Amino acid sequence: MEHPYLFFVKIFEAIGLGHFAHTYTHVVYSWVLMAILIIAGALATKTISMIPGKAQNLFEVVVSGIEEFMVETAGEEARWLFPLAATIFLYIFIGNLIGIVPGFFPPTANLNTTASCAIVVVVFTHIIGIKYHGAKYIKHFMGPVWWMAPLIFIIEIIGHLARILSLSFRLFGNMMGHEIVLAILFGLAGAFFAPLPIMALGIFVSFVQGFVFFLLSIIYFSGAMEHAH
């Protein structure tokens, strides 16, 4: 369910791509989200100075906060994963947040988007494991007792596949639920009288869901770097 008026869908309709925009609304707003992040990043790094201004201060607080939390959670060894982890958090958080703005649709309210993010995290987890342990990474799936290795291996594979479902459905369910509530309230009360508490709650939900996805991602990354027990 979407907002009754989607600004960028109307733009695509005006240039004759209305069918694409209605079918792939999440893709259109993913492009919008990427443009927002790229422009914000370009503006943040355009005038870097030793005496930062307000905008630079804000970006430095956000970036350093994410980095410090990641290092505290996963250790110094995980610092090189910061670009991916920070991108995950900012993409999901801002993607959740733009759904509060009338005329915008959060791409994270579509299962295709959340599943794509989850697959990237899980696949990269195994890339990290192979990078750190090589062929010995298989020990992460075999368990501590050799004669139970076949059973443990199957359980581990199911568990790693379940990570994709867990990450994607948790984010999708929360954001779609929020969108449905907002759409109903907009329909009942009108765009200018939609209850503000629900929209304020949406900001909190956007942050929490982005943070949970980010936290679970770095936990998975950290687990792949550890030696099998």
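**Exercise 1. Work out which secondary structure elements the protein chain has, and in what order.**

Step 1. The protein chain has eight helices and zero strands; both are DSSP runs numbered from the N terminus, with H or I over at least four residues for helices and E over at least two for strands. Along the sequence, the pattern reads α-α-α-α-α-α-α-α.

Step 2. Before going on, a word on the model. It is a predicted one, where local features need pLDDT of at least 70 and side-chain atom pairs count only at pLDDT 80 or more, while totals for chains, interfaces and linings use all residues. Residues are numbered from 1 along each chain as its sequence is written, and side-chain values use heavy atoms, with hydrogens and water left out.

Step 3. Now the chain as a whole. Of its 229 residues, 38% count as buried. Buried means under 20% relative accessible area, exposed means over 50%, and partly exposed lies in between (1.4 Å probe, protein chains only). Contact means heavy atoms within 4.5 Å. Among contacts with a separation of 6 or more, 70% come from residues 24 or more positions apart.

**Exercise 2. Describe how H5 packs against H3, and then against H4.**

Step 1. Start with H3 (residues 25-46) and H5 (residues 82-97): they pack at an angle of about 120 degrees, and their axes are 10 Å apart. Here, axes are lines fitted to C-alpha atoms, for helices over the stretch in contact, and angles run from 0 to 180 degrees between N-to-C directions. The H3 and H5 crossing is right-handed. A crossing is right-handed if the near helix is turned clockwise from the far one by less than a right angle, and left-handed if anticlockwise.

Step 2. List the residues. H3 brings Ser-30, Leu-33, Met-34 and Leu-37, and H5 brings Leu-90, Tyr-91, Ile-94 and Gly-95. By class, that contact has six nonpolar, two polar and no charged residues. In this scheme Ala, Val, Leu, Ile, Met, Phe, Trp, Tyr, Cys and Pro count as nonpolar, Asp, Glu, Lys and Arg as charged, and the others, Gly among them, as polar.

Step 3. Turn to H4 (residues 54-74), which packs with H5 at an angle of about 115 degrees, the axes being 10 Å apart. The crossing of H4 and H5 is right-handed. Val-62, Val-63, Ile-66, Glu-67 and Met-70 of H4 meet Phe-82, Ala-85, Ala-86, Phe-89 and Leu-90 of H5. Nine residues of this contact are nonpolar, none is polar and one is charged.

**Exercise 3. Find the surroundings of Thr-113.**

Step 1. Thr-113 sits in helix H6 and, at 6% relative accessibility, counts as buried.

Step 2. Leaving out residues up to four places away in sequence, Thr-113 touches His-26, Ser-30, Tyr-91, Pro-107 and Thr-108. Ser-30 and Tyr-91 also belong to the contact between H3 and H5.

Step 3. Thr-113 and Ile-92 are 21 residues apart in sequence, and their C-alpha atoms are 9.7 Å apart in space.

**Exercise 4. Classify the ring pair of Phe-207 and Phe-211, and look for charges over rings.**

Step 1. The whole structure holds 14 aromatic pairs. Rings of Phe, Tyr and Trp (its six-membered ring) pair if their centres lie within 6.5 Å; planes under 30 degrees apart count as stacked, over 60 as edge-to-face and the rest as tilted. The Phe-207 and Phe-211 rings have centres 6.0 Å apart and planes at 15 degrees, so this pair is stacked.

Step 2. Both residues lie in helix H8 (residues 196-225), four residues apart, about one turn of the helix. Phe-207 is partly exposed at 39% relative accessible area, and Phe-211 is partly exposed at 27%.

Step 3. Ring pairs link Phe-69, Phe-89, Phe-93, Phe-207, Phe-211 and Phe-214 into a cluster.

Step 4. For a charge over a ring, NZ of Lys or CZ of Arg must be within 6 Å of the ring centre and within 35 degrees of the ring normal. Lys-131 lies over the face of Trp-80, at 5.3 Å from the ring centre, and Arg-163 lies over the face of Tyr-220, at 4.0 Å.
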